[in-house]
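Me: Could you take me through this model? I would like to cover the annotated position, the pockets and the packing.

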Amino acid sequence: MSTISSKLHNVGATIKAAAQAAGRAPDSVRLLAVSKTFGPEAVLEAMKAGQRAFGENYLQEALDKIEAVAQAAPGVALEWHFIGPIQSNKTRPIATHFAWVHTVERLKIAQRLSEQRPAGMGPLNICLQVNISGEETKSGVTEADLPALARQVAGLPNLRLRGLMAIPEPEEDPDKQHAPFRRMRELLEQLRGEGLELDTLSMGMSGDMAAAVAEGATIVRVGSAIFGARNYNKVKE
Ligand SMILES: *Cc1c(COP(=O)(O)O)cnc(C)c1O
């Protein structure tokens with residue numbers, strides 16, 4: 001039987017083995033369970049197995065789910081991460097209902113999130129999404145524009161710039177998965193060299209989490225390996 005709980009366990013074991021093979025402490029990598037397209041019951045099941053951090057891409061779906069889970073499990077503190085494309089007219093609910101945003105790629109969005117972060121919630125944790133495979137259609141800031149954006153976002157009052165995020169081109173050959181992740185680590189090191197205090201590399205998904213961990217991922221975002229195949233028909237954006 002392959003339940004969410006047993007799949008979570010397997011993903012945890014994969015991460016741990018990859019970390020140890022790279023000489024890293026297993027607890028230096030956090031697992032973000034990506035629950036998009038799955039209902040509150042899937043989140044509750046993962047929660048019962050000990051998972052606390054969840055990633056969502058579609059705002060309306062996420063808000064409904066956050067509310068439903070809070071009602072079903074009052075008193076359990078979950079950490080919600082927004083990992084989808086951000087429209088500028090949707091920044092307020094994102095600033096209000098999430099602890100992290102991984103997909104900031106423009107200063108204007110960061111400024112709105114900072115202005116709209118409710119007082120008393122503490123800073124919103126931010127990763128800048130980098131267009132690491134360099135395709136024109138992909139989201140993310142270019143490597144050339146990254147340093148300036150990082151400096152500007154780091155200066156915003158209600159945000160805490162934590163690091164970088166990327167979704168490389170899908171690559172099935174595990175040996176070829178490493179290069180973009182290695183480049184991400186170099187980019188993070190460069191920004192640190194400029195004095196920015198960054199501690200996060202959000203990279204690696206179901207198909208490439210081991211390569212990402214080998215290259216220094218501190219958050220892996222894993223969906224289908226935990227919850228199964230997705231059905232997008234019912235998604236509410
Ligand atoms: C859907 C998604 C994931 C999870 O992908 P899987 O291949 O199902 O693990 C991770 N990151 C982002 C940004 C996503 O949109």
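Reply: The answers below take these topics in turn. This is a predicted model: local features need pLDDT of at least 70 and side-chain atom pairs count only at pLDDT 80 or more, while totals for chains, interfaces and linings use all residues. Residues are numbered from 1 along each chain as its sequence is written, and side-chain values use heavy atoms, with hydrogens and water left out.

Me: Which residue does the UniProt annotation cover?

Reply: The unreviewed UniProt entry places "modified residue: N6-(pyridoxal phosphate)lysine" on Lys 36. UniProt positions are given in the numbering used here, feature names are shortened, and annotations may be inferred rather than shown by experiment.

Me: Where does Lys 36 lie?

Reply: Lys 36 lies in the loop between β1 (30-34) and α2. Helices (H or I, at least four residues) and strands (E, at least two) are DSSP runs, numbered from the N terminus.

Me: Is Lys 36 buried or exposed?

Reply: Lys 36 counts as buried because its relative accessibility is 12%. Buried means under 20% relative accessible area, exposed over 50%, and partly exposed in between, with a 1.4 Å probe and protein chains only.

Me: What is Lys 36 in contact with?

Reply: Leaving aside neighbours within four places in sequence, Lys 36 is in contact with Gly 55, Glu 56, Asn 57, Tyr 58, Glu 61, Lys 65, Arg 230 and Tyr 232. Contact means heavy atoms within 4.5 Å.

Me: And what is the phi of Thr 37?

Reply: Thr 37 has a positive phi of about 75°, although it is not a glycine. Thr 37 is found in the loop between β1 and α2, and it counts as buried because its relative accessibility is 18%.

Me: How many of the lining residues of the largest pocket are charged?

Reply: The lining has 3 charged residues, with 8 nonpolar and 8 polar. Ala, Val, Leu, Ile, Met, Phe, Trp, Tyr, Cys and Pro count as nonpolar, Asp, Glu, Lys and Arg as charged, and the others, Gly among them, as polar.

Me: What lines the second largest pocket?

Reply: That pocket has a volume of about 200 Å³. Its lining includes Lys 138, Ile 167, Pro 168, Glu 171, Met 205 and Asp 208, and the lining residues divide into 4 nonpolar, 3 polar and 4 charged.

Me: How many cavities of 30 Å³ or more does the structure hold?

Reply: The structure holds 1 cavity of 30 Å³ or more. The largest cavity has a volume of about 50 Å³, and among its lining residues are Asn 131, Lys 138, Ser 139 and Ile 167. By class, that lining has 4 nonpolar, 4 polar and 2 charged residues.

Me: Where does Asn 131 lie?

Reply: Asn 131 lies in the loop between β5 (124-129) and α6. It counts as buried because its relative accessibility is 11%.

Me: On to packing. Which residues touch the most other members of the largest nonpolar core?

Reply: In that core of 67 residues, they are Leu 113, Ile 126, Leu 128 and Leu 164. α1 gives the most to this core, with 6 residues. Apart from it lies another core, of 8 residues, including Val 34 and Ile 219. A nonpolar core is a set of buried Ala, Val, Leu, Ile, Met, Phe, Trp, Tyr and Cys residues joined through side-chain atoms within 4.5 Å.

Me: Which residues of helix α2 are buried?

Reply: In α2 (residues 40-48), the buried residues are Ala 42, Val 43, Leu 44, Ala 46 and Met 47. Their cover includes α1 (4-21), β2 (53-56), α3 (59-72), β3 (79-82) and α9 (224-227). Just after α2, Gly 50 takes a positive phi of about 105°.

How values were computed. On a 1 Å grid over the protein atoms alone, a cavity is a set of points where a 1.4 Å probe fits but cannot get out, and a pocket is an open set with protein on both sides within 12 Å along at least five of seven lines; lining residues have an atom within 4 Å of a point. Grid points are joined across faces, edges and corners, and a volume is the space filled by probe spheres set on the points.
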